[in-house]
Amino acid sequence: MANAGPLVRAQFTKGLRTREEMGRAALDVWNSFGRSAKADAKALVASFDTSTQHEYTVNGELDHDAPVIDAMLKELKVSTPDALTAAVAVSPCSAHSRSMTTSALRSAPACCSSPTLNASRGRVTYRTSSYASVLANTDWANAAGQTYTSSDAEAGSSKNTFEITCPATTTCSADAFPVILEFGNFTDRFDPETVANAIENSMIFHDHYVNAQHIAAMVTASTAQTAGDTGGGGLVNVANVVGFFSQPSAGDTYRTSQTATLELVLPTWVHDALVADLVSRNSTTSFENARARVAAVFASLNLRTQFVQDWQSIGDASDDGWPTASDMLLFAPGTFVRLDGGNLDLGVVRDSTLNATNEFQTFTESFEAVCEIGHDSWLLDGVTVCPRGIAAADATLDCNPGFGS
């Protein structure tokens with residue numbers, strides 16, 4: 001809105017009863033702009049409050065101010081004054097001011113990211129053999145890990161062999177996640193803002209719901225590992241636990257490179273808890289770069305952190321403060337993939353049953369799932385994250401906190 005003159009605010013229910021009166025009010029505002037008015041200047045001449053069940057009428061013949069009135073009615077998405085009256089009288093939702101229509105947070109949910117795999121047939125079959133299966137199979141390990149000396153050759157000893165057969169396979173199938181909404185024809189006709197708002201918020205909820213289902217599937221597919229409490233503050237404990245499981249354990253089990261990056265999935269609130277732990281220490285007063293320092297701890301451990309929503313919610317902030325512990329997921333990149341089976345969008349659905357009750361539906365459905373196709377993922381169970389601010393100088397750390405499966 002251009003700030004080039006006083007605004008004339010007039011309630012339609014208080015004084016402006018005819019086209020002539022509204023036209024004069026519009027001309028008064030226009031004259032107040034003077035020569036400084038821009039082409040796109042806008043000013044509020046009248047506001048329409050439908051919070052009460054009143055019927056408004058506009059009388060008079062079309063004259064020089066008619067285009068102004070028609071533009072206002074167009075802004076209200078109605079074609080004639082009669083349509084405005086009908087909206088107030090008939091629509092069950094139009095008794096509320098249209099300016100009060102709100103929607104949920106429009107930011108995309110913090111989803112757990114993973115590679116996407118097209119599943120045009122709704123399922124994917126993959127081989128489950130890995131380096132760990134070599135270690136678990138004695139015959140295979142003996143065949144792949146043996147030494148044949150000159151003495152063995154002189155003695156005519158036989159070398160160990162292992163017949164390779166078809167590896168075991170696992171099949172993942174996509175699930176359907178539908179969103180079906182039902183509206184009345186009157187609501188759609190006379191209060192389209194409510195319909196648009198409900199659809200938008202439903203899709204936001206749908207995204208969060210699907211994200212929660214995917215993370216739950218990842219948790220179910222993972223092997224739980226007891227994290228323990230090393231006796232330090234939140235950042236000390238997290239660094240100790242994920243450092244232990246990421247390099248020594250993963251390296252020993254899968255022979256990964258010491259510089260290989262692993263994925264670490266944590267709830268979003270853990271990041272703020274670790275920042276709070278860092279700034280609460282009495283060993284430093286440098287707080288301005290606390291977030292960068294927390295990120296640097298994970299980076300130094302070759303971890304790509306994903307702070308996600310829809311998992312282990314912190315709940316009501318007025319309860320008991322920070323949770324004392326959090327579960328975390330640790331896995332190699334590519335361990336999990338998202339199966340994408342496409343979407344089924346029917347749009348507006350009408351049939352004889354819905355028509356009989358003057359209603360219609362909207363229908364959309366996504367087909368997707370999370371599939372574990374790589375090495376085993378580990379669920380670090382109960383990692384202490386309480387921001388106690390304890391550093392090594394203040395406490396003796398326990399080097400044997402009971403890590404294990």
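Angles under 35 degrees count as roughly parallel, over 145 as roughly antiparallel, 65 to 115 as roughly perpendicular and the rest as oblique. The model described here is predicted: local features need pLDDT of at least 70, side-chain atom pairs count only at pLDDT 80 or more, and totals for chains, interfaces and linings use all residues. Residues are numbered from 1 along each chain as its sequence is written, and side-chain values use heavy atoms, with hydrogens and water left out.

The protein has twelve helices and 13 strands. Helices (H or I, at least four residues) and strands (E, at least two) are DSSP runs, numbered from the N terminus. Of the 405 residues, 34% are buried. Buried means under 20% relative accessible area, exposed over 50%, and partly exposed in between (1.4 Å probe, protein chains only). Contact means heavy atoms within 4.5 Å. Among contacts with a separation of 6 or more, 82% join residues 24 or more positions apart.

Two strands pair if DSSP finds at least two bridges between them.

A325 stands opposite T384 of β13.

Strand β8 (262-267) is largely enclosed by the rest of the structure, because six of its six residues are buried. L262, L264 and L266 point one way from β8. E263, V265 and P267 point the other way. β8 pairs with β9 in the parallel sense over six bridges. There, V265 has Q306 of β9 as its bridge partner. β8 also runs antiparallel to β10, joined by three bridges. L264 stands opposite L330 in β10.

Two packed helices are described by the angle between their axes and the distance between the axes. α10 packs against helix α11 (residues 290-300) at about 110°, and their axes are 9 Å apart. The two helices are therefore roughly perpendicular to each other. The crossing of α10 and α11 is right-handed. A crossing is left-handed if the near helix is turned anticlockwise from the far one by less than a right angle, and right-handed if clockwise. On the α10 side, the contact is made by H271, D272, L274, V275, L278 and V279. On the α11 side, A290, R291, R293, V294 and F298 take part.

A further open sheet has four strands, again with mixed pairing, in the order β3-β11-β12-β6. β3 (116-118) and β6 (175-184) are the edge strands, and each pairs on one side only. The twist averages 30° from one strand to the next. β3 and β11 (residues 336-349) pair in the parallel sense over three bridges. N118 has D340 of β11 as its bridge partner. Helix α8 packs on this sheet too, touching β6, β11 and β12 (359-372). The direction of α8 makes about 160° with that of β6.

Two individual sites complete the picture. D191 sits in the loop between α7 (185-190) and α8 (192-221). The relative accessible area of D191 is 4%, so this residue is buried. The side chains of D191 and T194 are joined by a polar contact of 2.7 Å. A polar contact is a pair of N or O atoms within 3.5 Å; within protein, one must be able to donate a hydrogen and the other to accept it, and residues adjacent in sequence count only if both atoms are side-chain atoms.

N240 lies in helix α9 (residues 234-254). With 28% relative accessibility, N240 counts as partly exposed. Not counting residues up to four places away in sequence, N240 touches T230 and F403. N240 and T230 are ten residues apart in sequence, and their C-alpha atoms are 7.4 Å apart.

Note on methods
Axes fitted to C-alpha atoms, helices over the stretch in contact; angles between N-to-C directions.
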